[in-house]
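Thanks for coming, everyone. Please take a moment to look at the sequence and the model before I start talking through it.

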Amino acid sequence: DKTRSVGGAMARRAASPATPPPKAKAQNASVIRLSLGAPDFPTTLMLRNLPPMFASWDVVRELDAHVSRMNYDLVYVPWNRSNANNMGYAFVDFVDRESARNAFKEVEGKTWKTIA
């Protein structure tokens, strides 16, 4: 698992995309750039440090404050069924690389405004 710092966030070349990131105590909207061997900026971003009860619509509400809803087409928040909380991260798929790059610049390091 190779990691490197990119603009305050960590870029990770993950061996397995199903491996969840380590849980952080801060509730900042950290964004991780998924560099799965793509030579250019990817279209899927991973948002980390979600508040425990955040669902997909909460992530959409947060994204709406920074980017247009026309720029992304999928928000996935995995849930832990044993404790009825999310896993602490979400995936957002953008319609193109430019939209993903702009969202990365807008959201990276921001604090979640809606506390669930």
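Predicted model: local features only at pLDDT ≥ 70, side-chain atom pairs only at ≥ 80, totals over all residues.

The partner of Asp 64 is Arg 69, with which Asp 64 forms a salt bridge whose closest N and O atoms are 2.4 Å apart.

How many salt bridges does the structure hold? There are three, and I would like to take you through the other pairs.

Asp 58 is paired with Arg 61, and here the closest N and O atoms lie 2.2 Å from each other. Both residues belong to helix 1, where they sit three residues apart, which is about one turn of the helix. Is Asp 58 buried or exposed? Its relative accessible area is 7%, and because that is under the 20% limit, Asp 58 is buried. Arg 61, on the other hand, has a relative accessibility of 43% and so counts as partly exposed.

In helix 2 we find Glu 98 and Arg 101, again with a spacing of three residues, or about one turn of the helix. These two form a salt bridge as well, with 2.7 Å between the closest N and O atoms. Glu 98 is partly exposed, at 43% relative accessibility, and Arg 101, at 24%, also counts as partly exposed.

Let me now step back to the chain as a whole. Its secondary structure consists of two helices and nine strands, and if you follow the elements from the N terminus, the order is β-β-β-β-α-β-β-β-β-α-β. Of its 116 residues, 40% count as buried. If we take the contacts between residues at least 6 apart in sequence, 57% of them join residues that are at least 24 apart. The accessible surface amounts to about 6800 Å², and carbon and sulfur atoms account for 53% of that.

Which residues does Val 59 touch, once we leave aside its neighbours within four places in sequence? Val 59 is then in contact with Leu 47, Leu 50, Phe 54, Val 75, Val 77, Ala 90 and Val 92.

Conventions: Residues numbered from 1 in each chain as written. Heavy atoms only, no water. Helix = DSSP H or I, 4+ residues; strand = E, 2+ residues; numbered from the N terminus. Buried < 20%, exposed > 50% of the residue type's maximum accessible area, 1.4 Å probe, protein only. Contact = heavy atoms within 4.5 Å. Areas by Shrake-Rupley, 256 points an atom, 1.4 Å probe, with all protein chains shown as cover. Salt bridge = Lys/Arg side-chain N within 4 Å of Asp/Glu carboxyl O.
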